[in-house]
Amino acid sequence: KAAAKSSGDKDKTAALAAWQYMQSNDLVTLKYASPEQRPSIVWKSVLSFLDEKEIDCDLMINRIKFDRIKSRLRAYGLNALSYFLDLECTKFSIVRRELLHF
């Protein structure tokens, strides 16, 4: 029984250590989080969003509009780069390399 008890205690200690690690890991962003850390980070974000007293909808709408414009410009730039890479003048590898590094 002592071996089983110590095994159970080890499991409890490991669970407590994992929980403390998850709670103390505030600096990790969702992009760099491990799969075990992601649910707690998402829940922290959701709960902090819901805890706001007043949500500025105009600011959110403007940010979404800005992100859409920025992504459209990025897509236009990628299309233009693709067009230039398909032209006859970029058949030379050095020109292609310079375009990609620009």
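**Helices, a salt bridge and a patch**

Author: Start with one side chain in this predicted model. Asp67 has 31% relative accessibility, so Asp67 counts as partly exposed.

Reader: Which residue forms a salt bridge with Asp67?

Author: Side chains of opposite charge can pair when their charged atoms come close. Here the closest N and O atoms are 3.3 Å apart, and the cut-off is 4 Å. The structure holds one salt bridge. The partner of Asp67 is Arg63.

Reader: In which helix do Asp67 and Arg63 lie?

Author: The two residues are four apart, about one turn of the helix. Arg63 is partly exposed because its relative accessibility is 49%. Both residues lie in helix α3.

Reader: Is Ile55 buried, partly exposed or exposed?

Author: Ile55 belongs to the nonpolar patch. It lies in the loop between α2 and α3. Buried means under 20% and exposed over 50%. Ile55 has 37% relative accessibility, so it counts as partly exposed.

Reader: What percentage of the protein's residues count as buried?

Author: The protein has four helices and zero strands. It exposes about 9400 Å², with 64% supplied by carbon and sulfur atoms. Of its 102 residues, the buried share is 7%.

Key: Residues are numbered from 1 along each chain as its sequence is written. This is a predicted model: local features need pLDDT of at least 70, side-chain atom pairs count only at pLDDT 80 or more; totals for chains, interfaces and linings use all residues. Side-chain values use heavy atoms; hydrogens and water are left out. Patches are made of residues with over 30% relative accessible area and no salt bridge: like charges are joined within 9 Å, nonpolar side chains (Val, Leu, Ile, Met, Phe, Trp, Tyr) within 5 Å. Accessible areas come from the Shrake-Rupley method with a 1.4 Å probe; for residues, only the protein chains shown count as cover. A salt bridge is a side-chain nitrogen of Lys or Arg within 4 Å of a carboxyl oxygen of Asp or Glu. Buried means under 20% relative accessible area, exposed over 50%, partly exposed in between (1.4 Å probe, protein chains only).
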